[in-house]
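Hi,

Here is the structure I promised to pass on. Have a look at it first, and then read on for what turned up.

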Amino acid sequence: MTTMSVEIPEAARTFLTAAAQSILVGAERMPSVGGETIPTFDPATGALLANIAAGGQADVDRAVDTAHQAFVQWRQLSPAARGRVLQDIADAIEEHAEELAILETLDNGKPLTESTYLDVSLSAQIWRYFGGWTTKLGGLTLPVSPAVGEALVYTRREPLGVVGAIVPWNFPLMIGSWKVAPALAAGNTAVLKPSEFTSLSALRLAEIALEAGLPPGVLNVVTGLGPDAGQALIDHPGVAKISFTGSTATGRRIVTASAGSLKKLTLELGGKSANIVFPDADVEAAAQGALNGIFLNQGQVCCAGSRLFVHRDVHDEVVAALEAEAGEILLGHGLDEETQMGPLVSARQLDRVAGYVEAGVREGATLVCGGERPGGALADGHFLKPTVFTDVRDEMSIATEEIFGPVLSVLTFDDESEAVRRANSSEYGLAAGVWTNDLKRAHRVAHALEAGTVWVNMYNMIDPAAPFGGYKSSGYGRDLGEESLLGYTQTKSVWIGMD
Ligand code: NDP
């Protein structure tokens, strides 16, 4: 366990003191129209970090109007010029990497190494990747057979208009980037609503984007509570599409609310991903992969490998490795360079996760390690020790519900078809992992799993080029890759009479 003797760097402190003006519309930072604020806390200490603007309907109206005005010019900018701006934003993110990583760690709690090498680094890659797409977003020429005469038909990929991006608190900068960058690449403008728990990096990203040359109004940020600012964005008739990442419950609410306006939706929702270790796997690598799969970002990862299916023959070996390694993970403040795991994002999330630990014990699973909060210097933060349960049965709540915390459920299986059937018996289908050295089995199982991403002999890998999203209740549409870009366009067929 590390101590809490960390200093907030000067640049971050200056930014935090002005955080009440956290709404960015056009090129201007401002407080909410109503003047209300929401406190945001350092989850490692419980200390107040800043008060941010609590935006609502009037703020969303202003941001959407501004985004509409900016859309007229932005969509007409040449693809090369638009791409260059996005690439410049990628460079600017890298130039501000340290500052962004510190803000992300202060707000979310994750270790600085994670903020730096995952959140910030991948965000820059995402802007660069979609910056490269602007000049490749072409249509088709189609071989039509009109009843009379001749026609030339071609398609165009046109932007939708104003996109509302609603992002969660687990990867605020990265998920914000993977929604906004493709939307902008396709010629849309955007209003970004970060989570009330982690709004700081989204605001700083938008400022950095302006400094890098993004025209004012193309990216606007409205901070505030989900049921206020978020709901206003969903209900706004001027918003053409909502791209959302968060809980399945809120996703369902968005589907219902958008029925009237028929807004387009991309929904990336919850998960209960299966990570399957076969007896022919490299067991040591599989145990490491399982740890990374569940403890990255304190387990607050939508694709976390929270159901670890281990073949009976290697069960004890894997569990022994998990127990030994989990006990060694160093908890602490994310800014402390020794820290390997930070706190959960909020007291609410800690309560929720602790509730699942109690349920696991009550329902008869064996608590192998963790399950409790550390004391001493960490007592005021929202920490929970890395937790591993064995003897988990499929019907237990810790095997069926998304916990979104550092809690691993280990289940035992005897053969491949059983593992696949039980892995697929979840309402979710976001991701899955397979550990095996049998090439045929690797492909066979990857094809059989009902999940939007399957990792073989690796876990939690993300790349701007690889689509990410869910089967079943894990949502629809895809983030990242070409598919996400196309989701921010609509196709127009143009018919030219040739007679
Ligand atoms: P939510 O789904 O409520 O939050 C996600 C985003 O939606 C946030 O920006 C939130 O804003 C916003 N939001 C909330 N309510 C509304 C609404 N009515 N209209 C529009 N936007 C809204 O998740 P929670 O923070 O409540 O977390 C609860 C559980 O959800 C977690 O324990 C986890 O299981 C799951 N979750 C899954 C995520 C994923 O990546 N798949 C991410 C986050 C949570 P605000 O935070 O300001 O309320």
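F413 is buried, with a relative accessible area of 0%. This is a predicted model, by the way. F278 is buried too, at 1% relative accessibility. These two rings make an aromatic pair: F278 and F413 sit 5.5 Å apart, centre to centre, with 80 degrees between their planes, which is edge-to-face. F278 is in the loop between β12 (274-277) and α10 (283-295), while F413 belongs to strand β16 (residues 407-413), so their pairing ties together parts that are 135 residues apart in sequence.

Searching the whole structure turns up five aromatic pairs. Another one of them is Y129 with F130: their ring centres are 4.9 Å apart and the planes stand at 85 degrees, so this pair is edge-to-face. How exposed or buried are the two partners? Y129 is partly exposed, with a relative accessible area of 23%, whereas F130 counts as buried at 0%.

There is also a charge over a ring: the charged end of K241 sits over the ring of Y488, 4.6 Å from its centre.

Last, have a look at helix α9 (residues 248-257). Its buried residues are T248, G251 and I254. They span an arc of only 110 degrees around the axis, which puts them on the same side of α9. As for what covers the buried residues of α9, the list includes α8 (226-235), β10 (241-245), β11 (264-268) and β17 (428-429).

Cheers

How values were computed:
Residues numbered from 1 in each chain as written. Predicted model: local features only at pLDDT ≥ 70, side-chain atom pairs only at ≥ 80, totals over all residues. Heavy atoms only, no water. Phe/Tyr/Trp six-rings, centres within 6.5 Å; stacked < 30°, edge-to-face > 60°. Buried < 20%, exposed > 50% of the residue type's maximum accessible area, 1.4 Å probe, protein only. Helix = DSSP H or I, 4+ residues; strand = E, 2+ residues; numbered from the N terminus. Lys NZ or Arg CZ within 6 Å of the ring centre and 35° of its normal. Arc of directions from axis to C-beta. Contact = heavy atoms within 4.5 Å.
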